[in-house]
Amino acid sequence: MTALNPLRQSAASGLCDGLAKRLADLAVEALIDEAMLTPKPGLVDMRGSGAHTDLTWMLMCRSACALRPAFLQMAQAGSAIGDATLLRRRIGAIGREAEAAMMAATGGVNTHRGAIWALGLLVTAAARHMQRGDSADAEAIALGAGLLARLEDPGAPARTGNKGELACREHGVGGARGQARAGFPAVVEQALPMLRLARARGDGEAQARVNALLAVMAGLDDTCLLARGGRKALASTQAGARRVLALGGIASPNGRAALTRLETRMRQLHVSPGGAADLLAAALLLDRIERSADKEQS
Ligand SMILES: CC(C)(COP(=O)(O)OP(=O)(O)OC[C@H]1O[C@@H](n2cnc3c(N)ncnc32)[C@H](O[C@H]2O[C@H](COP(=O)(O)OP(=O)(O)OP(=O)(O)O)[C@@H](O)[C@H]2O)[C@@H]1O)[C@@H](O)C(=O)NCCC(=O)NCCS
Ligand SMILES: Nc1ncnc2[nH]cnc12
């Protein structure tokens with residue numbers, strides 16, 4: 001007889017709150033893992049603030065912890081609200097409250113707006129799947145999150161006026177919304193396969209994660225990068241990330257040297273792949289969900 005996935009079991013037996021708490025913890029852990037991962041070109045890491053003047057890794061970690069109540073509420077909503085239209089409306093409201101909580105915790109600095117959006121949708125979809133008794137499969141959860149992102153949220157402002165939105169309009173890209181509505185292809189088709197490949201070939205865990213970040217950077221229309229550096233900076237960053245990976249990733253000496261060159265170029269351009277960082281955190285969350293289900297099963 002097939003052993004039941006314990007996350008599924010707890011959901012099925014009505015312990016939805018335990019599942020929601022676990023998912024909220026995993027989301028915060030994924031954000032902290034991302035913030036502390038080093039080296040990350042242009043981004044805040046344990047060495048410094050990258051291309052940012054208002055961010056530090058401690059601020060990122062404080063922000064991550066302040067978001068736990070919102071992730072918990074989203075996971076609870078995902079398990080409790082069957083009607084997808086109502087669920088979309090509810091998590092939109094929680095997401096906007098989470099942005100306010102983030103601003104309060106950071107003194108008005110945007111640390112995680114893109115991450116609240118991506119991880120919020122994924123946590124909700126994961127709770128919805130597991131509550132129904134479906135598997136903790138990363139690809140299926142990302143698809144479910146995409147379905148939710150495509151639903152209309154009547155509470156959302158017609159225009160946010162944020163940099164990402166303006167960059168989408170100026171450069172004709174989908175940005176954070178497009179990525180989510182497509183079911184997070186950068187996570188499912190780039191980050192997670194690279195994470196698995198790098199682990200399988202013996203890269204260290206931190207190296208595998210940096211390579212997963214580079215795999216996202218290599219193809220993403222990152223509006224954080226576009227807003228600061230335009231098309232030229234985006235193309236140069238994508239080409240640099242592809243080069244590191246083509247040379248074997250950061251575990252290889254040539255790949256490591258190429259990463260140093262990429263970092264120098266990004267510093268000169270003063271650009272940061274903030275959207276790719278959020279999607280790495282999304283991949284780390286899905287990876288944690290799958291692994292925690294596997295661990296408890298064995
Ligand atoms: C849909 C929303 C995310 C709102 O989007 P909008 O476009 O209005 O807002 P932005 O904040 O400008 O952009 C979204 C952020 O998403 C990240 N991102 C960028 N490109 C992509 C991509 N291709 N795919 C996925 N994600 C992407 C990115 O976030 C990171 O960058 C942030 C730093 O940004 P910013 O402060 O603007 O830039 P800096 O250069 O650092 O500024 P200065 O210091 O120079 O001043 C950082 O936070 C990273 O997270 C984009 O910035 C969403 O907010 C929304 O609609 N929410 C409503 C609630 C809701 O419906 N929730 C649903 C359930 S969760
Ligand atoms: N490590 C990081 N540095 C800068 N912006 C980010 N947004 C999300 N993670 C980030």
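What percentage of the 298 residues in the protein chain do buried residues make up? I looked this up before anything else, in what is a predicted model. Buried residues account for 50% of the chain.

**Entry on the fold.** I read the secondary structure next and found 14 helices and 0 strands in the protein chain. The radius of gyration is 18 Å, close to the 19 Å that the globule rule gives for 298 residues, so the chain is as compact as a globular protein of that length. I noted that the C-alpha trace spans about 55 × 45 × 30 Å along its principal axes. I then turned to the contacts with a separation of 6 or more, of which 75% join residues 24 or more positions apart.

**Entry on the core.** The largest nonpolar core holds 97 residues, and F71, L119, L122 and A191 touch the most other members. I recorded that α6 gives the most to this core, with 12 residues.

**Entry on the ligand.** I counted 37 residues around ligand 1, the closest being G95, G114, G120, G164 and G275. Two or more residues of this shell come from each of α5 (84-106), α6 (113-131), α8 (163-171), α9 (175-181), α12 (223-246) and α14 (274-297). Which element gives the most to the shell around ligand 1? I found that α6 does, with 7 residues. By class, I listed 10 nonpolar, 16 polar and 11 charged residues in the shell.

Note on methods: Residues numbered from 1 in each chain as written. Chains lettered and ligands numbered in written order. Predicted model: local features only at pLDDT ≥ 70, side-chain atom pairs only at ≥ 80, totals over all residues. Near = placed C-beta within 6 Å. Helix = DSSP H or I, 4+ residues; strand = E, 2+ residues; numbered from the N terminus. Nonpolar A, V, L, I, M, F, W, Y, C, P; charged D, E, K, R; others polar. Core = buried A, V, L, I, M, F, W, Y, C linked by C-beta atoms within 7 Å. Buried ≥ 20, exposed ≤ 12 C-beta atoms within 10 Å, placed from the backbone. Rg over C-alpha atoms; globule rule 2.2 N^0.38 Å. Contact = placed C-beta atoms within 7 Å.
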